[in-house]
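Reader: I have a model open on my screen. Could you walk me through how to read it?

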Amino acid sequence: MKSAVTTVLSVADAAGRFPSMSDIEAVKGSLDRAAARMEAAEKLAAGIDKVTADAIDAVYGRGSYEQANKDKCARDIHHYLRLINYCLVTGGTGPLDEWGIAGMREVIRIQVLPTAAYIEAFTHIRDRVCVPRDMSQQAATEFKGLLDYLINALA
C-alpha cells in the first residue's frame, strides 16, 4: 500500500539514490500532519454510518435518481469512506488508488449506477463538515482534500 513515506522511498530507490532533502521534507510534512489525519480518521470511523445515511438521504431524497439503486449506492459510499479512512491513516492516496478508483469506477459502470449520484454524495459530505463541531480545521482540511481527490477521480 502506498503512503507518503513508501512513495518517496520507492522513487528514490528507482532512481538509485538516497532520498534528497526535498524528499525528506515531503515525508516530514506528512508526519507533521499525522495528528490531524488521525483525528479525522477517528471522527469518520465513529460516524461513518451516519455520514453515509445523511449523504444518501440528501442525494436520493430529491427524487433525481432511481430508488432501486439507493442501497447499492449506500454500500459503495460506505466503502469509499472506509478507503478514505485508510488514506487518512496511511498519509497517502494509495488505498483509494489501489482499491477504489479504478475498480469501483468499473463496478459503477457495469451496474449502470449514476456516477453523478456518487459525486453529489461526496460533495454533500465535504460541504457538511463543520469546524469545530465535527473536527478541527486541520483535520477537516485533510478529510476534505481526500474527498476532493475522490470527486475529481470520479468526474
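Author: We will go from the overall fold to helix packing, salt bridges and a surface patch. Keep in mind that this is a predicted model.

Reader: Let us start with the fold. How many helices and how many strands does the protein have?

Author: Count the secondary structure elements before anything else. Here there are 7 helices and 0 strands. In sequence order, the pattern reads α-α-α-α-α-α-α.

Reader: What box do the C-alpha atoms fill?

Author: Take the box along the principal axes. For this protein it is roughly 55 × 40 × 20 Å. Then look at burial: 39% of the 155 residues count as buried. The accessible surface is about 8,300 Å², and carbon and sulfur atoms account for 58% of that.

Reader: What share of the contacts join residues at least 24 apart?

Author: Begin with contacts between residues at least 6 apart in sequence. Of these, 71% join residues at least 24 apart.

Reader: Now helix packing. At what angle do H1 and H2 pack?

Author: Read the angle and the axis distance together. H1 and helix H2 (residues 21-32) pack at about 170°, and their axes are 9 Å apart. Angles over 145 degrees count as roughly antiparallel, so H1 is roughly antiparallel to H2. On the H1 side, the contact is made by Ala4, Val5, Val8 and Ala12. H2 contributes Asp23, Ala26, Val27 and Ser30.

Reader: On to charges. How many salt bridges does a search of the whole structure find?

Author: The search finds 9. Glu142 is in helix H7 and Arg33 in the loop between H2 and helix H3, so the pair ties together parts 109 residues apart in sequence.

Reader: Is Glu142 buried or exposed?

Author: Compare the relative accessible area with the cut-off. Buried means under 20%. Glu142 has 15%, so it is buried. Leaving out residues up to four places away in sequence, Glu142 touches Arg33, Ala36, Arg37 and Leu88.

Reader: Which residue does Arg128 meet in a salt bridge?

Author: The side chain of Arg128 meets that of Asp54, at 3.6 Å from N to O. Arg128 lies in helix H6 and Asp54 in helix H3, so this pair ties together parts 74 residues apart in sequence. Arg128 is partly exposed, with 45% relative accessibility. Asp54 is also partly exposed, at 26%.

Reader: And where do Arg62 and Glu120 lie?

Author: Arg62 is in the loop between H3 and helix H4, and Glu120 is in helix H6. The two are 58 residues apart. Their side chains form a salt bridge at 2.2 Å, N to O. Arg62 counts as exposed at 52% relative accessibility, whereas Glu120 counts as partly exposed at 28%.

Reader: Last, the surface. Which residues form a nonpolar patch?

Author: Look for nonpolar side chains grouped on the outside. Val5, Leu9 and Leu31 form such a patch, with about 260 Å² of accessible area together. Leu9 belongs to helix H1 (residues 4-14). Its relative accessible area is 45%, which makes Leu9 partly exposed.

Methods: Residues numbered from 1 in each chain as written. Predicted model: local features only at pLDDT ≥ 70, side-chain atom pairs only at ≥ 80, totals over all residues. Heavy atoms only, no water. Patch = residues over 30% accessible without salt bridge, like charges linked within 9 Å, V, L, I, M, F, W, Y side chains within 5 Å. Areas by Shrake-Rupley, 256 points an atom, 1.4 Å probe, with all protein chains shown as cover. Salt bridge = Lys/Arg side-chain N within 4 Å of Asp/Glu carboxyl O. Helix = DSSP H or I, 4+ residues; strand = E, 2+ residues; numbered from the N terminus. Buried < 20%, exposed > 50% of the residue type's maximum accessible area, 1.4 Å probe, protein only. Axes fitted to C-alpha atoms, helices over the stretch in contact; angles between N-to-C directions. Parallel < 35°, antiparallel > 145°, perpendicular 65-115°, else oblique. Contact = heavy atoms within 4.5 Å.
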